Amino acid sequence: MSKRKSYFFQMDLIVLLLFFIIVSLLAIFNAQQLEQYEGDNFVLKQAVWFCVGIGIVAIIQLFDLDQLYKASMYIYGFGVLLLILLLVSPESIARTINNTKSWFTLPGLSLQPAEFTKISTILFLAAVISRHKSKYEISTLKSDSLLLIKIVLVTVIPVFFILQQPDFGTSMVYLFIAGMLVLLSGIDWKIIVGLILGLSLLLAGMLALIIKLPELSQNIIGIEEYQIDRIMTWFDSSEQTSSDTYHFDLSLLALGSGQLFGKGMDKLQVPTPEAHTDFIFSVIGESFGFIGCAVVIFLYFILLYKLVTLGLKSFNYNSFGSYLCFGFLSLLLVHAFQNMGMTIGIMPITGIPLLLISYGGSSVLSTMIGIGLVYRVAVEHTIQNDYLFK
Amino acid sequence: MNNKKKKKKAQLPFRLNILFFVVFLLFSVLVLQLGVVQILNGEGFQKEIDRTIKDTTKIPVPRGKMYDRNGNVVVDNKPLYAITYTPAKGVDATKRLEVAEKLSEYISMYNKENKEEVLETITERNKKEYWYLLHQEEAKDRLSAKEAEGMEPAEQYNTILDRITKEEISNFSDKDKEIMLIKKELDKAQTLTPQVVKNENVTPEEYARVAEHLSELEGINATTDWDRIYPFDETFSNFFGTITSQEQGILAEKEEYYLSHGYKPNDRVGKSGLEEQYENVLRGRKEQILYTTNKEGKIIDSEVAVEGERGKDLVLTVDMELQKRIDKIVLDVLKNEKSEHPYGNRHLNDAMVVMMRPQTGEILAVSGKYYDEEDKEYKNAALRTLYSSHRPGSAIKGATVLAGLQSGVIKPNKTFVDKPIYIGKNSDGKTSWTGNLGAVNDITALQKSSNVYMFYIAMRMGGDFNYVPYDNLSFDWESKPFQRLRNYYSQFGLGVKTGIDFPYEASGYKGVNPQAGNFLDFAIGQYDTFTAMQLAQYVSTIANDGYRVRPHLVKEIRMPTPYENNLGPVYKSINTDVLNRIDMKQSYIERVQEGFRRAFQEPGGTAYSWFSDKDYNPAGKTGTAENSAEGDYTENLTLVGYAPFDKPEIAFSVIVPNTGGSKYGHPNDDIGERILDAYFDLKEERAKSSDNDNSDKKDEKTEE
């Protein structure tokens, strides 16, 4: 009995998660002192989301990976269905905010389906890859190509609907995850190199088109003006839109003025916009300085490292679990790097939250589902180890 | 098979290692860039945050008052309680709405009587904007993302406003309307500049309520604004001029001047008259408060940088009591002339008087009355003395004689026989006002107003010393006779600006047809036109032994005092400003003075019947100029003069243009007689009353 209990007690993951929760709540508490959104207690709300999230993590432990593997297609289908539903929903339950229709806005609750679909897509991608691997033990160029097509298909479907919202940033996250999984699925280098070459040519062409002929590109690619603006911002600081420049300037001012040790709790001076969500890292930088930021980056690094090792260890007997880890790792990595990078000016400004730290019900819940999945992988790995050594 | 499997197994760690290495690199870049931002540049960012911005806000002070020469307040300030709004930087519509909502609990923008009228001023747009602010989320949804694309923000906003339906804005409560009215005023405010939200009819209760709650009303202040009041009502009001309202603000045509002198666009400034002329002393010094704001626009400190000081007071040269009496005289005479000879004097519409001290140029009274044919009523038109110019007729003969003497074309006591002059074959003769005056010299020519004497002077100045009846004149045009005579005239202020301290004056019209006949007319005041102010300066110059002084309306500028209606210390005295001394010898001037005296006091003098019995020893010259109005023959009747003859206290000019002619009466002489009487009567009354209580000697003293 005591043995069984210990399977479910993954010390390292729990400690890491606790650290993230503490950092998140502290940062949101500080951001709230700017009184930009009077009346809402975001700390409390975030704490509630985390509690719900922990509940979900616990619930997920009731299923084993085999069951999840079998259910993955339906979960994925459900995720895509949500995206379609969102697009056809009337304004009353899915209001357009900032020109995008990304949210179900129910009274007292807003949900962003694309956040959940990220996890369901990762789950299904992991299943597809591991199923393919067991089917084609000997990989040939042909089987690899087939796998590549499968991965692309699974990814492109949700991306298509997300682009309709339109949400360019989130779409890029999907593509990044898919790319990482392609890399790690063992597909032949030749295909990957070809793919990378082809894609980068396409991307370069698109970027060139966007920058040189923004009006034409709106018609051909169908991206929105503000998205073009954001891409422009990245390439040419003199073309920045005033609102983006303003956000970025304040973000940098906040972060930079934190210096080495930060200003401490409740001493913020710069009214960073979206301080508790997209620009939470600026608040951390201002409050806790370089040290604080480094700690956050380190936490992420540890978590990613944990996922890499877990995936690697599970690979031989449980490739599904392993790809789950890699998928989730990719998700965390792209969010973390993009979000932190944007606050310090090495990435363009997008509305991508810092997972596990930024305020937001949908992102916290979906991330916690992801955590629940990899937690289960860790649990099964422990059981497996036990079994082996017995 | 085994081999393949091994290869596959080996593949993953290899790729993972690369991947993890890349992750490591990416995170290193993050840390590195963080180091640059936070450690290398951190101090700079902190400095930027600490940098504060200092701004000054200027709080208006009351304008200076105006007093007459006897210390009576003639232009005063009426304090008005005012609720003002001074927005901080970056205040948006939502904030203003908040302020308006709170403020609506303490003040009301209308009262029972004008409620309907005030509520009407709320436009549909006001209502829509208000609705928009209350329902921002909902309003924004009225414009889909697709439509918004390619629209300017203002266009988007307007489109949304258009889509707010009539029903939605039809059910506002009085309370809502009150808020709209207040917000309308708040919206006008410019950053850090006080804007009056309400100043008319602020009750003391409202003032007190707002003052008590200032802390919760961001940017609101309870202050006092001022309105001009005129204790003497209309008397002299044209000269005081007006000031702009806050809505009008500074004058557009002088905007740069004002802005460079520290005015704000909504400052009230002198728009005309003395208010405009003395704007820079009347305006006072605004209280300047230095606000320190940090980067977010929050005011973190405020201190008084410059103490405010209300505007300096003007002491005018005008005697309001005398002014009132003269106004009445001018009006009486004008009315009388028009009612007695309504047809004969049908073109007679106005009369003007200027009275001043010849030695100092102080203007004691300026009056002008005007009959408005359309409104059928008499109006104050004192400014006509400055801008309305007329042919003065014989009144300028003093200057002609002096020009003749000085140019040497006649010698003192030179005699000519006054009989009709015939120039050219078909001439029907140019005469004096009456056929033959007989032999006249320079003095009697003035006494009897001989045109012929002036014609001889003119002919000689033109170079024709040998008049033969019915011959054409042979003028030496090389010697520029017009130019020369105008030069002489201008020494008296005729045809040039008098230099009065007023924003505007006309210098008269100069004829452009240099013919010999016109030159003769010019010499008798029948050619160029002059204003009443110019004539007053001209006669003052003669009275003043040839010294032309600048007429002025302001005597002193006084420092403001905190005491009501008390004059403060003198800041600046407007001294007598001698513009020039005429070239003529004193002995020549004395001959003209004598001619003027005889015109008033000796039998045969043109004004003898009005002034012969006066004990104040007056001197002067009448004038009649032929004129026409709407094709009818009219006469301008004028009079210039001074008194007493030996020690002139006052000089004056009277112009009554376009009368039906002297056959209907002599309003010029009537006015002249009565204003001189008025002056000396008033002087006597004051002397008596000061004898009685021996305290009020102000006026005596100032006369030296």
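Visitor: Which residues gather in a patch of negative charge on the surface of chain B?

Guide: In this predicted model, the patch brings together B:Asp92, B:Glu98, B:Glu101, B:Glu105, B:Glu216 and B:Glu218.

Visitor: Let me take one member. Where is B:Asp92 found?

Guide: B:Asp92 sits in a chain B loop, with strand E3 (73-85) on one side and helix H3 (93-103) on the other.

Visitor: And how is the exposure of B:Asp92 classed?

Guide: A patch residue needs over 30% relative accessible area. B:Asp92 has 39%, so it is partly exposed.

Visitor: Now to chain A. How many helices and strands does its secondary structure come to?

Guide: Chain A has 14 helices and 2 strands. Its length is 390 residues, and 53% of them count as buried.

Visitor: What share of the contacts in chain A with a separation of 6 or more comes from residues 24 or more positions apart?

Guide: Such pairs make up 70% of those contacts.

Visitor: Could we end with one residue? Is A:Pro353 buried or exposed?

Guide: Buried means under 20% relative accessible area. A:Pro353 has 11%, so it counts as buried. This proline lies in the loop that runs between helix H13 (319-343) and helix H14 (361-389) of chain A.

Visitor: Which residues is A:Pro353 in contact with, leaving aside neighbours within four places in sequence?

Guide: Its partners are A:Asp278, A:His335, A:Asn339, A:Ser358 and A:Ser363. A:Ser363 is 10 residues from A:Pro353 in sequence, and their C-alpha atoms are 7.7 Å apart.

Terms used:
Residues numbered from 1 in each chain as written. Chains lettered and ligands numbered in written order. Predicted model: local features only at pLDDT ≥ 70, side-chain atom pairs only at ≥ 80, totals over all residues. Heavy atoms only, no water. Patch = residues over 30% accessible without salt bridge, like charges linked within 9 Å, V, L, I, M, F, W, Y side chains within 5 Å. Areas by Shrake-Rupley, 256 points an atom, 1.4 Å probe, with all protein chains shown as cover. Salt bridge = Lys/Arg side-chain N within 4 Å of Asp/Glu carboxyl O. Lys, Arg positive; Asp, Glu negative; His and termini not counted. Charge placed at Lys NZ, Arg CZ, Asp CG, Glu CD. Helix = DSSP H or I, 4+ residues; strand = E, 2+ residues; numbered from the N terminus. Buried < 20%, exposed > 50% of the residue type's maximum accessible area, 1.4 Å probe, protein only. Contact = heavy atoms within 4.5 Å.
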